[in-house]
Amino acid sequence: MIGEREKSSVKSASRGFTLLEVLLSLAIFAVALPLLSSLFSGGMKQPVIAREQAQAVFLAQELMEEILTRKWDENATPPGPTNNPGVIGIDTGETVSVRSGLDDIDDYDGLMDNPMHSADGATLTTFQTFWSQVQVNYVGSDASAPDLETFLAKNAGSEFKRVDVTVNWAGGRLTLTTVRGNF
Ligand SMILES: [Ca+2]
Ligand SMILES: [Ca+2]
């Protein structure tokens, strides 16, 4: 009898220990699961953000390069400067829907492209979640101008134009800026 009792108490102690183990495991898992899932989702988000930023840089550079292939001003006869710079903006007979017809850099002022198009007018179907804006102004026309703009405006009048290309996406935006002189 004693032997059986001992056997049975050992058995139940063994069962109790197993149950405790299971409960502890569940408790640890319950604590660890949100932590693991937040680490995992954070790890997944990071490459997506980096990829979108890289794509936005690429798109902004492409658009900036397109703009900088144009002459400095409507009245300029390239290659060379003009003594008679015109007003900022698209000129008579030009339209934003015919990009190849934009022949000077400030024709791009105010351009909003959504979805974005390449220089030849084709829709950039791979990048449909991005859209762009362009601003072109004579240097010094911006009251909140940084030091370089103030310096250039003071020393060279309206001989420089500033081009801002902004590319937007759902998670952010970035702007590339170039200053180009009348030469
Ligand atoms: Ca023009
Ligand atoms: Ca123009």
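# Strands, core and loop of a predicted model

Reader: Which residue of β3 does S132 stand opposite?

Author: S132 stands opposite V167 in β3. The model is a predicted one. S132 itself lies in β2, where it also stands opposite D113.

Reader: What makes β2 and β3 a pair?

Author: The cut-off is at least two bridges found by DSSP. Eight bridges join β2 to β3. That meets the cut-off, so the two strands count as paired. They run antiparallel. Another link is V136, whose bridge partner in β3 is V163.

Reader: How many bridges hold β1 and β2 in their pairing?

Author: Two bridges, in the antiparallel sense. Two bridges are what the definition asks for, so β1 and β2 qualify as a pair.

Reader: And β3 with β4: what is the count of bridges there?

Author: There are 10 bridges, again antiparallel. At least two are needed, so this pair qualifies as well. D164 stands opposite T177 in β4. V165 has L176 as its bridge partner in β4. For N168, the partner in β4 is R173.

Reader: What pattern do the elements follow along the sequence?

Author: The pattern is α-β-β-α-β-β. That comes to two helices and four strands.

Reader: Which element has the lowest mean pLDDT, and which the highest?

Author: Helix α2, residues 147-156, has the lowest mean, at 65. Strand β1, residues 112-113, has the highest, at 97. Over the chain the average pLDDT is 82. Of the residues, 67% score at least 70.

Reader: What makes the largest nonpolar core a core?

Author: Membership takes buried nonpolar residues joined through C-beta atoms within 7 Å. The largest such set has 17 residues. Those with the most contacts inside it are L59, A60, I105, Y108, V165 and V167. α1 (2-68), β2 (131-138) and β3 (160-169) each supply at least two residues of this core. α1 gives the most, with five residues.

Reader: Why would such residues gather?

Author: In soluble globular proteins, nonpolar side chains tend to be buried together.

Reader: Which residues does I105 touch, leaving out those up to four places away in sequence?

Author: I105 touches I67, L68, R70, W72, V136, K161, V163 and R180. The C-beta cut-off for such a contact is 7 Å.

Reader: What share of the residues is buried?

Author: Buried residues make up 16% of the 183 in the chain. The test for burial is 20 or more other C-beta atoms within 10 Å.

Reader: Why is I49 called exposed?

Author: I49 has 12 C-beta neighbours inside 10 Å. The cut-off is 12 or fewer, so I49 counts as exposed. I49 lies in helix α1.

Reader: How far from G171 is I49, in sequence and in space?

Author: They are 122 residues apart in sequence. C-alpha to C-alpha, I49 and G171 are 7.7 Å apart. Across the chain, 52% of the contacts with a separation of 6 or more join residues 24 or more positions apart.

Reader: Why is Q128 called exposed?

Author: Q128 has 11 other C-beta atoms within 10 Å. Exposed means 12 or fewer, so Q128 qualifies. Q128 is found in the loop between β1 and β2.

Reader: How far is Q128 from P115 in space?

Author: C-alpha to C-alpha, they are 5.4 Å apart. In sequence the separation is 13 residues. P115 is also in the loop between β1 and β2.

Reader: How do you know whether the peptide bond from N114 to P115 is cis or trans?

Author: Its omega is near 0°, and the bond is cis.

Terms used
Residues are numbered from 1 along each chain as its sequence is written. Chains are lettered from A and ligands numbered from 1 in the order in which they are written. This is a predicted model: local features need pLDDT of at least 70, side-chain atom pairs count only at pLDDT 80 or more; totals for chains, interfaces and linings use all residues. pLDDT is the predictor's confidence in each residue, from 0 to 100. Two residues are in contact if their C-beta atoms, placed from the backbone, lie within 7 Å.
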